[in-house]
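Work through the exercises below with the structure in view. Each task is followed by its solution.

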Amino acid sequence: MENGKVIRLSLSDGRQIPVDSCIVCCDIPYAFTHLLDNSYLDPTIREYLEYPVTYPVYGMFQAAWGGG
C-alpha cells in the first residue's frame, strides 16, 4: 500500500504485479484475517464480527457497472 491505496498485488509464486485498484471478493472475516490489516476494518463491521450470534454476517459480493 502507498498513501492508503493498493499499488501492487503479491502472488502465491512470489511475483508482484502493479495494479490501479483491487476488489476483494471474499467474505469479511477472511479478508481481515488473511488479506488486509485489521486497522482498515470499519468499527460497525468490527462489532458485527465480535458478536456473530447477534449479527450474522453472510459472505457475498455484488457489483454494478454502467457505461454510456
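pLDDT is the predictor's confidence in each residue, on a scale from 0 to 100. This is a predicted model, in which local features need pLDDT of at least 70 and side-chain atom pairs pLDDT 80 or more, while totals for chains, interfaces and linings use all residues. Residues are numbered from 1 along each chain, and side-chain values use heavy atoms, without hydrogens and water.

**Exercise 1.** Find which elements have the lowest and the highest mean pLDDT.

Solution. Begin with the protein, which averages a pLDDT of 83, with 96% of the residues at 70 or above. Next, take the elements, which are DSSP runs numbered from the N terminus (helices: H or I, at least four residues; strands: E, at least two). Helix α1 has the lowest mean, 83, and strand β2 (residues 16-18) the highest, 93.

**Exercise 2.** Identify the side chains that meet in a salt bridge.

Solution. Apply the criterion: a side-chain nitrogen of Lys or Arg within 4 Å of a carboxyl oxygen of Asp or Glu. Arg15 and Asp13 meet in this way, at 2.7 Å from N to O. The structure holds one salt bridge.

**Exercise 3.** Locate Leu35 among the elements.

Solution. Read the range of helix α1, residues 28-35; Leu35 lies in this helix. Then return to confidence: α1 is the element with the lowest mean pLDDT.
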